[in-house]
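Here are my notes for anyone opening this one for the first time. Take a look at the entry below, then read on.

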Amino acid sequence: MGGLTRLILPLEGAAWPPGEHSFASRPLFPGVLPDWVNNHVAQAVIGAILVIVFWLWMAKGQTIVPGKKQAVGEFVYDFVRNGIARDILGPDFRRYLPFLVALFSFILVNNLFGQFFFFMFPTFSKIGFAWGLALLAWLLYNGAGIKKHGFVGYLKHATLPAGVPKPLWPLIIPLEFLSNIIVRPLTLGLRLFANLFAGHLVIMVFVVGGTLLLTATESLGGFPVPLLTVAGVVSILFSFAIFALELLVGSIQAYIFTVLTAQYVSSAIAEDH
Amino acid sequence: MLPLASESPLGPLLPEHPEELFVGVVLFLIILAVVWKVVVPMFEKTYAERTAAIQGGIERAEAAQAEAAAALEEYKAQLATAREEASRIREEAKAQGAAILADMRQQATEESSRLLANAKAQIDAERASAVNELRTEIGGLATTLAGRIVGESLDDDARARRTVERFIADLESQPAEHA
């Protein structure tokens, strides 16, 4: 069961100081399967399964008067349906609702993995996953815009705001193209990745550093051992606050990614004003 | 750890394994398919049913309200009819009472006038008979008186006058038996 132990050993071999190397994936079956079959891919798969199971369970046996389980499901569903999709997309929201629900729940579960004792690692701090979702969001909002306005019509819609005087066109069109077509998916992916990467790094600083301080047996940098122990205790205690903060950040990032995707779709399918 | 990530100038901005991107996309598409085909339709179906149920409830309540209003209307109409009927009956009774009263009064008047007429006729008859009797009696008395006057003295004026006066006094003192 080499695969399993490689999957569930969080912070294994965490070397001080934490850095980019702390985010390296561990292949589950080195030599047998390709290296990309690693613990982080596995936890992404588990996250997807959890999301699917959650939604299927919540959708099953629904009644007009909701029970406790259904109330929970409807709370999450309505959060995306009414709080994001309907608010931003208006009456057309039903077409994009499945994408947004899937997006929000998939990102949220994988972000919460950062605080989940089993993995202790937010999947989207591996940027490949974030790029994947950003790519899909990019395809979605551009596709929606092209479907609505036609290819040329959409390009015009996306790059030329109404009412811009002709002399400014050479300036505005490239800027708008850059901003709306190129930069949007990049910022979408980067924002998600960077928040979780940084958050996980801070957690490791406090947890791994605190552990090092706590277990120090000889004075370090001129500080006596008891002081190091106290500092270690404080550091570990403080890491709980950071964990709480990261719970918040992970949820907010799932929300922001979904809201921005909806926003981009909304602006792509908007009537020219 | 692959050298790709750490040695690239982009650092962690490049995926450690490009397959991550692929895996992320595929996983998301699987979730999307399930959510799209199963989850959202089921939730929306429940919501639609709930809306229908609430709307149906409202419609039912409205129907019940309309029914109650109609019943009230009918009841009020019935009440008005009954009131009208009652007042009509009262009026009728009053009129009937008045008619009966007038009838009775008339009957009483007729009766009394009849009694009066009877009494009058009787009195008249009695008076006639009394007058007759009196006439007869006065004749007899006059004869008797004449006899007495003649028997005693016809030229004694004073005596004759006294006799007549006595006679009249007798007449007056006599009780009116058949008055």
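How many residues of chain B are in contact with chain A?

1. The count is 34 residues of chain B, touching 35 residues of chain A; two residues are in contact if their C-beta atoms, placed from the backbone, lie within 7 Å. On the chain B side, helix 1 (3-7) and helix 2 (19-152) are the elements that give two or more residues. Helix 2 of chain B makes the largest share, with 23 residues.

2. Before going on, some housekeeping: this is a predicted model, local features need pLDDT of at least 70, side-chain atom pairs count only at pLDDT 80 or more, and totals for chains, interfaces and linings use all residues. Residues are numbered from 1 along each chain as its sequence is written, while chains are lettered from A and ligands numbered from 1 in the order in which they are written.

3. Chain A has eight helices and zero strands, where helices (H or I, at least four residues) and strands (E, at least two) are DSSP runs, numbered from the N terminus. Its C-alpha trace spans about 70 × 55 × 40 Å along the principal axes.

4. Chain A has 273 residues, and 38% of them count as buried, meaning 20 or more other C-beta atoms lie within 10 Å of a residue's own, with C-beta atoms placed from the backbone.

5. Have a look at helix 2 of chain A (residues 39-59): its 21 residues reach 30 Å from first C-alpha to last, close to the 30 Å expected at 1.5 Å a residue. That expected span is 1.5 Å times one less than the number of residues. After helix 2 of chain A comes Gly61(A), with a positive phi near 60°.

Technical notes
Buried ≥ 20, exposed ≤ 12 C-beta atoms within 10 Å, placed from the backbone.
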